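User: I would like a close look at one part of this model, with the cut-offs stated as you go.

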Amino acid sequence: MYGRGATDMKSGLAAMVIAMIELKESGAKLNGRVRLLATIAEEVGEYGAKQLTDEGYMKDVNALVIGEPSAYYLVYTHMGSLDIRVTSTGKAAHSSMPDEGFNAIEPLLKFLDQATETFKNTGASDPELGDFIFNITTIEGGTQVNAIPGSAQAEMNFRTVPDYDNEKVLTKVNGIINDINKQSNNDLKLEIMMNLPSVKAGKDSEIIKLTESITKKYFGDSVQRVGIAGTTDAAMFLDGKPDDYDMVISGPGNATMHKIDESVPKDMYLNFIDIYKEIASRYLN
């Protein structure tokens with residue numbers, strides 16, 4: 001099945017909804033309650049997960065299954081994610097009279113050069129998550145070719161690991177900005193767009209072992225417990241939970257997320273409806 005969001009993560013959400021409907025219609029006897037937490041804005045701040053967490057929907061939850069597209073992998077830990085925007089303010093002028101203005105792009109380029117040098121060479125890594133990741137993802141500046149730009153901005157994404165976390169990144173970013181702003185006319189400002197910590201739950205938790213035994217019936221020995229670079233609503237939902245908390249990220253999909261040919265295998269999607277039903281039935285009995 002092809003379409004934007006097919007793998008990330010409409011198929012996982014739909015599979016969970018259908019699984020719950022079928023459990024209800026079958027009259028399944030469950031020693032407990034299955035709760036659906038469907039959120040908005042998981043990609044841009046996890047505001048939905050934060051609202052549900054703040055309103056207490058996770059307080060009495062003993063185990064959490066997140067339907068992100070993991071396919072054959074059972075995810076119990078993932079990197080943190082930090083999105084920032086750095087804005088440079090200058091003074092617009094005609095390009096024939098540059099001394100009448102101040103080019104906002106120039107201090108921004110200095111920042112990007114120093115940030116790249118700093119964050120592409122951290123050497124930071126985690127045995128379960130892999131290497132720290134830094135990317136410059138958007139740059140904007142100027143209005144036309146013969147005008148000195150009065151403003152410019154760039155956005156960056158950091159995928160952090162416990163030993164090189166969001167706080168450490170922000171300390172270094174602020175240090176670079178402060179050093180550049182000491183130079184005449186430079187005016188860089190930092191905006192934090194998203195600030196999510198890394199997540200780690202129990203690698204050998206009850207829900208992990210149960211999900212592994214169920215998914216292996218469909219996918220065989222390709223099923224593995226792993227950590228990933230992506231982030232999920234678990235960054236909000238697991239706030240205050242212990243490190244051995246019962247959580248697993250397991251859902252239909254593949255590595256086509258955010259691509260023009262985003263897709264999910266139909267058989268895998270249908271299998272996960274049954275997988276979610278069996279997880280609920282066995283965990284609650």
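Analyst: Met9 lies in helix 1, which spans residues 6–26; helices here are DSSP runs of H or I with at least four residues, strands are runs of E with at least two, and both are numbered from the N terminus. This is a predicted model in which local features need pLDDT of at least 70 and side-chain atom pairs count only at pLDDT 80 or more, while totals for chains, interfaces and linings use all residues. Residues are numbered from 1 along each chain as its sequence is written, and side-chain values use heavy atoms, with hydrogens and water left out.

The peptide bond that leads from Asp8 into Met9 is cis, its omega being near -10 degrees. Most peptide bonds are trans, and most residues other than glycine have a negative phi.

Ala41 is not a glycine, yet its phi is positive, about 60 degrees. Ala41 counts as partly exposed because its relative accessibility is 23%, a class that lies between buried (under 20% relative accessible area) and exposed (over 50%), computed with a 1.4 Å probe on protein chains only.

A positive phi also belongs to His258, likewise not a glycine, at about 65 degrees, and this residue sits in the loop between strand 13 and helix 7. Strand 13 covers residues 246–249 and runs parallel to strand 1, to which four bridges join it; two strands pair if DSSP finds at least two bridges between them. Within this pairing, Ile249 of strand 13 stands opposite Ile66.
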